[in-house]
Amino acid sequence: LDMDFDPDHEGHWGWTTYEIIDKLPEWQENYTADIALVHAGSNDCKRPNSANDTVEQLKNIIDLLRTDNSKMVILLAKIIPWNNVGINKNIDELNSQMDQIATDKSTMTSPVIIVDQNTGFDEVSDTFDGIHPNESGEEKMAAKWYEAIQSIVIPTSVEDHSSIFPEKS
């Protein structure tokens with residue numbers, strides 16, 4: 001892993017969705033987020049036929065995030081590819097279900113917005129080991145997260161802003 005990477009985040013490399021679910025309540029004790037960037041499921045894709053199970057776990061993660069803030073905006077990534085054909089088959093299958101997760105889990109006060117981290121990401125030139133992003137991969141991912149965040153924090157009108165971040169009660 002790139003040890004120069006900014007450690008000021010709640011990201012956890014190498015975790016499965018099950019491990020995230022186990023620790024999420026503890027992590028949420030330290031702060032209440034308004035926006036969550038979720039790029040999870042990669043390590044679940046190492047298991048055969050993992051997509052349907054991982055979809056359910058991602059939905060559970062969304063539910064857990066909302067226990068801390070029912071008005072949270074959740075940015076859910078279509079995950080980046082690996083330099084492994086078998087795992088990429090599982091990643092593609094999982095990514096093909098992400099839009100439906102957003103449809104199923106979005107609410108008026110807590111939208112789930114898909115961020116396509118997969119398209120345009122090259123598992124050879126954008127990683128340092130065929131799995132983890134190198135500098136060019138990090139820049140590509142950061143640009144997509146930034147664009148998604150900008151779309152929700154800089155609304156085109158006051159009405160747009162209030163629908164995404166309604167007054168907290």
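## A residue in helix α2

The model discussed here is predicted. T54 lies in helix α2. Its relative accessibility is 0%, and because buried means under 20%, T54 counts as buried.

Apart from neighbours within four places in sequence, T54 is in contact with T17, G41, D44, R47 and L94. One of these partners, T17, belongs to α1 and takes part in the meeting of α1 with α2.

## Packing of α1 against α2

The axes of α1 and α2 lie 10 Å apart, and the two helices pack at an angle of about 5°. Since angles under 35 degrees count as roughly parallel, α1 is roughly parallel to α2.

On the α1 side, the residues involved are T17, Y18, I20, I21, L24, P25 and Q28. On the α2 side they are D53, T54, Q57, L58, N60, I61, L64, L65, T67 and D68. By class, the residues of this contact divide into nine nonpolar, six polar and two charged.

In soluble globular proteins, nonpolar side chains tend to be buried together. In this model, the largest nonpolar core has 26 residues, and V38, L58, L65 and L94 touch the most other members. Two or more residues of this core come from each of α1 (17–28), β1 (35–38), α2 (51–68), β2 (73–78), α3 (85–95) and α4 (98–105). The element that gives the most is α2, with six residues.

L94 has contacts with A40, G41, C45, A51, T54, V55, L58 and I79, when residues up to four places away in sequence are not counted.

## The chain as a whole

Of the 169 residues in the protein chain, 40% are buried. The accessible surface comes to about 9300 Å², and carbon and sulfur atoms account for 53% of that area. Among contacts between residues at least 6 apart in sequence, 73% join residues at least 24 apart. The contact between T54 and L94 was described above from both sides, in the partners of T54 and in those of L94.

How values were computed: Residues numbered from 1 in each chain as written. Predicted model: local features only at pLDDT ≥ 70, side-chain atom pairs only at ≥ 80, totals over all residues. Heavy atoms only, no water. Core = buried A, V, L, I, M, F, W, Y, C linked by side-chain atoms within 4.5 Å. Buried < 20%, exposed > 50% of the residue type's maximum accessible area, 1.4 Å probe, protein only. Helix = DSSP H or I, 4+ residues; strand = E, 2+ residues; numbered from the N terminus. Contact = heavy atoms within 4.5 Å. Axes fitted to C-alpha atoms, helices over the stretch in contact; angles between N-to-C directions. Parallel < 35°, antiparallel > 145°, perpendicular 65-115°, else oblique. Nonpolar A, V, L, I, M, F, W, Y, C, P; charged D, E, K, R; others polar. Areas by Shrake-Rupley, 256 points an atom, 1.4 Å probe, with all protein chains shown as cover.
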